[in-house]
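Subject: Structure for you to look at

Hello,

Here is the structure I promised to pass on. Please open it first, then read my notes alongside.

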Amino acid sequence: NQNGRATSGAAKGLLAKVYLTRASSSAREADDYQKCATLCTEVISSGTYNLMSNFEKAIGKEDAYNKESMFEVEFQRQNFPNELGNFGVFMMPKDPWTTTFPTLNAAYSSQAATYGNADLVSEIPFFNRFNPLDYRRDQTFVWTAKKGGVDVDYTKFVVPFPHCPFKYINRSKPTDRSGYTFEGNVKVLRLADVYLMKAEALNEISGPTAD
């Protein structure tokens, strides 16, 4: 079983990210952007990976090692009984209203307990860049919760910021949405990242192109 092992495609994708990062630093070399674009093209044209048609399926725990995933760090809850061994707990909000779960859509309408440390939250200007009609917003951020049957936005949360924990929520266990019990993998690299890296590199090389 090669799951959890870095493949040549994952290595190329991560190296492309190194070149792209270095290109905007004082250590940059003249061809860093081109090296990034070349590696991204190799990954995309390999046919090994494909974008998922449903963004939710690209990030969910129960969809580990999907066709878009390039590298994941395997995680098993029983190997880390202490909550510090679980990255999900840092992303999850401090329980906004005792035992309610944000009801962004029907899939998450159960009144199940959800809580974490709320250590990593979204900057508000970044959250506001998302169009309210953008499906990815509601699949990424916790920004509203129920209180007494009424929707209340993130400004009233214990930590008043939008949270972005949805890829750390076990969607197959609706009664267990605690950051302390999540046991999914950490997705390090997806094909979507490679497309975005290539676009940024090409834009820096020659400005907007058809690619």
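From the N terminus on, the elements run α-α-α-β-α-α-α-β-β-β-α. That comes to 7 helices and 4 strands. Helices (H or I, at least four residues) and strands (E, at least two) are DSSP runs, numbered from the N terminus.

Two notes before the details. This is a predicted model, where local features need pLDDT of at least 70 and side-chain atom pairs count only at pLDDT 80 or more, while totals for chains, interfaces and linings use all residues. Residues are numbered from 1 along each chain as its sequence is written, and side-chain values use heavy atoms, with hydrogens and water left out.

**The whole chain**

The protein has 211 residues, and buried ones make up 43% of them. Buried means under 20% relative accessible area, exposed means over 50%, and partly exposed lies in between (1.4 Å probe, protein chains only). Now take the contacts between residues at least 6 apart in sequence: 67% of them join residues at least 24 apart. Contact means heavy atoms within 4.5 Å.

Look at helix α2 (residues 32-45) and helix α7 (residues 191-206). Their axes come within 8 Å and cross at roughly 145°. Axes are lines fitted to C-alpha atoms, for helices over the stretch in contact, and angles run from 0 to 180 degrees between N-to-C directions. The crossing of α2 and α7 is left-handed. That means the near helix is turned anticlockwise from the far one by less than a right angle; clockwise would be right-handed.

On the α2 side, the contact includes Y33, C36 and I44. On the α7 side, it includes L191, M197 and I205. The residues of this contact divide into 13 nonpolar, 2 polar and 2 charged. Here Ala, Val, Leu, Ile, Met, Phe, Trp, Tyr, Cys and Pro count as nonpolar, Asp, Glu, Lys and Arg as charged, and the others, Gly among them, as polar.

**Strands β1 and β4**

β1 and β4 run antiparallel, joined by 4 bridges. Two strands pair if DSSP finds at least two bridges between them. F71 stands opposite L189 in β4. Because 4 of its 5 residues are buried, β1 is largely enclosed by the rest of the structure.

What does A10 touch, leaving out residues up to four places away in sequence? A10 touches Y49, M70, F71 and L189. A10 is found in helix α1 (residues 8-23). At 0% relative accessibility, A10 counts as buried. The C-alpha atoms of A10 and R190 are separated by 8.9 Å, though the two are 180 residues apart along the chain.

**Salt bridges**

How many salt bridges are there? The count comes to 8. The rule asks for a side-chain nitrogen of Lys or Arg within 4 Å of a carboxyl oxygen of Asp or Glu.

- K187 and E72 meet at 2.8 Å, N to O. K187 is in strand β4 (residues 186-190) and E72 in strand β1 (residues 69-73), 115 residues apart. Both K187 and E72 are buried.
- R136 and D134 meet at 2.7 Å, N to O. R136 is partly exposed, because its relative accessibility is 43%. D134 is at 17%, so it counts as buried.
- R137 and D138 meet at 3.6 Å, N to O. Both R137 and D138 are buried.
- R22, E29 and D32 are linked in a network of salt bridges.

Best wishes
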